[in-house]
Amino acid sequence: MLYGTTYDNGRKPHVRHPIPALEPRRPPHGPHPRTRPGPRLTEAPAPDGLAVPGAAGIAVLDGSALDDPADWLASGAAPLGAVLYTGPGPEALLAAVSEGRTDDLAPTQAAGEIHVEAAPDAVWSVLADVQRWPEVRGDVRDIDAPAPAAPGTTFTWSAGPNRVTSTFGAVEPGRLLTYVSTSAGAHFTHVYRTEPAAGGTRLSCKETLSGPVVAALLPSAALQIGVDTWLAGVKAAAESR
């Protein structure tokens with residue numbers, strides 16, 4: 001409550017009346033509805049000259065309707081605990097992916113699988129040949145990677161505006177390929193498995209992302225779009241060889 005003082009005609013204090021604090025009017029049932037939309041996922045057309053196999057464009061997280069960064073949390077983009085989660089460091093993540101595991105506690109996770117009309121060795125080689133990743137997705141460029149892939153090998157590449165440093169973990173031809181990536185303070189794990197299925201290959205992928213605040217900017221739905229388009233790109237590249 002706020003208090004105010006009133007005066008009589010002689011300008012002397014007369015009485016102190018309680019003045020109720022003003023509060024926003026709320027509907028009788030439930031909280032006040034949001035008047036501004038939260039962030040939404042859209043797919044922007046790929047820039048001229050960029051072919052993105054398996055997708056019409058590139059996933060974009062649009063938060064332009066939010067004036068205050070704090071509104072990302074209120075919009076439900078990520079709970080506070082997820083935003084503050086830092087996760088294990090790169091060395092611990094590399095040890096995990098070397099055993100075919102990811103960061104199960106990461107706030108941002110995605111997984112998927114796709115059937116490829118090609119042998120497991122052929123599909124695996126598309127993933128392991130980093131120099132040819134631009135065939136998988138058109139926004140990948142500026143690759144600096146020694147060949148062939150080997151456990152502990154570090155390579156760098158760009159995806160859109162982001163420069164990425166990655167290190168291979170498990171490198172098992174025709175079966176398993178894993179690596180850890182770091183970009184702009186965020187840590188990613190990538191685990192790809194190839195196995196025979198229906199005359200071709202079942203290619204599966206699991207990815208996780210962790211880093212302070214990054215979960216609010218890139219939720220699981222956005223990472224899922226990246227996984228799905230990447231799998232589609234590997235399929236297109238493997239089947240065209």
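**View 1. Tryptophan 230 in a predicted model.** Tryptophan 230 has 9% relative accessibility and therefore counts as buried (under 20% relative accessible area, with exposed over 50% and partly exposed in between; 1.4 Å probe, protein chains only). Tryptophan 133, at 1% relative accessibility, also counts as buried. The model is predicted, so local features need pLDDT of at least 70 and side-chain atom pairs pLDDT 80 or more, while totals for chains, interfaces and linings use all residues. Residues are numbered from 1 along each chain as its sequence is written, and side-chain values use heavy atoms, without hydrogens and water.

**View 2. Packing of helices α4 and α6.** Helix α4 (residues 120–128) packs against helix α6 (residues 220–240) at an angle of about 120°, with the axes 9 Å apart. Axes are lines fitted to C-alpha atoms, for helices over the stretch in contact, and angles run from 0 to 180 degrees between N-to-C directions. Helices (H or I, at least four residues) and strands (E, at least two) are DSSP runs, numbered from the N terminus. Val123, Val126 and Leu127 of α4 meet Trp230, Val234, Ala237 and Ala238 of α6 in this contact (heavy atoms within 4.5 Å).

**View 3. The pair of tryptophan 133 and tryptophan 230.** The ring centres are 5.3 Å apart and the planes lie at 85°, so the pair is edge-to-face. Rings of Phe, Tyr and Trp (its six-membered ring) pair if their centres lie within 6.5 Å; planes under 30 degrees apart count as stacked, over 60 as edge-to-face and the rest as tilted.

**View 4. The pair of tyrosine 179 and tyrosine 192.** These rings are stacked, at 6.3 Å centre to centre and 15° between the planes. Both tyrosines are buried.
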